[in-house]
Structures are given as structure tokens and as C-alpha cells.
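The structure comes below, and the description follows.

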Amino acid sequence: MGEGQPTYKLIYFDARGPAEQIRYIFAYTGVDYVDKRIPKENWPELKKSMPYGMLPVLEIDGKPIAQSNAVARYLARKHNLTGRDEWEAMMCDVLVDTLGDLKQIIYQYRTEKDQFKKEEKKAKLLKETIPFYLNKFEQTIGENGGYAVGSTTTWTDFVFAVALENFENIFGSAALENYPGLRALKRRVHGIPAIAEWLTKRPQTEV
């Protein structure tokens, strides 16, 4: 492409999933991109051409880049969404990676086929695992005056807002009632005009 703005094509299913944090960054920065949503039945064929056989993938000037957090971090760096300095950029990564650990545990619960084990996992999640993580996040956000990192909007705020919305969808709207800081962060992000506009026009999907 040479000079000027790169062309972006975000490839994912017709769902929010790990692509949504990237869509929030594009919405917030006003950067144009193609939001390519592929039907599930087309995936087996497309899978062979993806770098690691997984989605989402962002094509930057036609070059496919995998890993949603790496893509989000790259875009965040380009658009000053990684905090004020290297320390804050690292804290962004720490929180995103820690939230990723919790998301992985929740994913294991959701994909558990054995109903008895699934109930066991859910009980442990709700009683121990989720409060452990969310209390830590709540404390951090409290110390930062409502931001995940520092005192400015970062890509980490977007990752959290997406995850918290999914969290409420999975465990019910009361799931965050003990975490006013997290609820306020989600409300703040969803109240940013560019994000609010995206929320009204994005395709309605379950996840």
C-alpha cells in the first residue's frame, strides 16, 4: 500500500467473541475496516488458509495476522491506547492476560459435556474463582478512579467491557452486583459516543 492508511479486514464468525475488542478499537478510533463475518459452514474450508487455523484474523494490507490480543495491542499502540508510558503499557498487558486466565477457566466450564462435572465447575467458579479475580480487578479499578490502567482510556478498558458483557450474559445480570467499579467501567466504555454508536448498529448475536 505504501503511504497512507493501511487497509484492514477483520475475519471472524457472526459473533462478538474475541473479535469484539478489536471492533471497539476500530469504532473508537474511527478507522475504516471490513467486518467480514463468515458462516460456520464455510469455516472448514477457510481454516486451511488461516495462519494457525483459528479466528479472529486481521488482514493488514492483505497480510493475515492471528491472535486477538496481539492484534488489539498493535492497534492500541498505533492509536495511543496503551497508557502514558511503558509501565502503563505493561499494566495493560498484565490485566488483559490475567483476565484471559479467567476467560479460559469459564470457557472450560461452558464446554464441559458431563453435566455433573459442569455443575461442580459452576459452583466452584461462582464461589471461589470468579470472586477471586473480580475482587482484584475491582480494587485496581477503584485505585485508578474508574479506569483499568492509569487515568485514561486504554484498550484494556475495551477488553474488560466486552468480557463483562459476556459475563452477564452467561451468569445473569446480577453477576456483577457486588462489583460497582466493574459495572461503572462497562457503563463508561459503553457511553463513549463512538462505542455507543457501534453498539446500536452491530449485528445482534448471542456471544
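Just after helix 3, Asn80 takes a positive phi of about 55 degrees. Helices (H or I, at least four residues) and strands (E, at least two) are DSSP runs, numbered from the N terminus. The model is predicted, so that local features need pLDDT of at least 70, side-chain atom pairs count only at pLDDT 80 or more, and totals for chains, interfaces and linings use all residues. Residues are numbered from 1 along each chain as its sequence is written, and side-chain values use heavy atoms, with hydrogens and water left out.

Most residues other than glycine have a negative phi, and most peptide bonds are trans.

Buried means under 20% relative accessible area, exposed over 50%, and partly exposed in between (1.4 Å probe, protein chains only).

Helix 3 itself contributes buried residues: Ser68, Val71, Ala72, Arg73, Leu75 and Ala76. Their cover includes strand 1 (8–13), helix 1 (20–29), strand 3, strand 4, helix 4 and helix 6 (155–171). Contact here means heavy atoms within 4.5 Å.

The peptide bond between Leu55 and Pro56 is cis, with omega about 5 degrees. Pro56 sits in the loop between helix 2 (43–47) and strand 3 (57–60).
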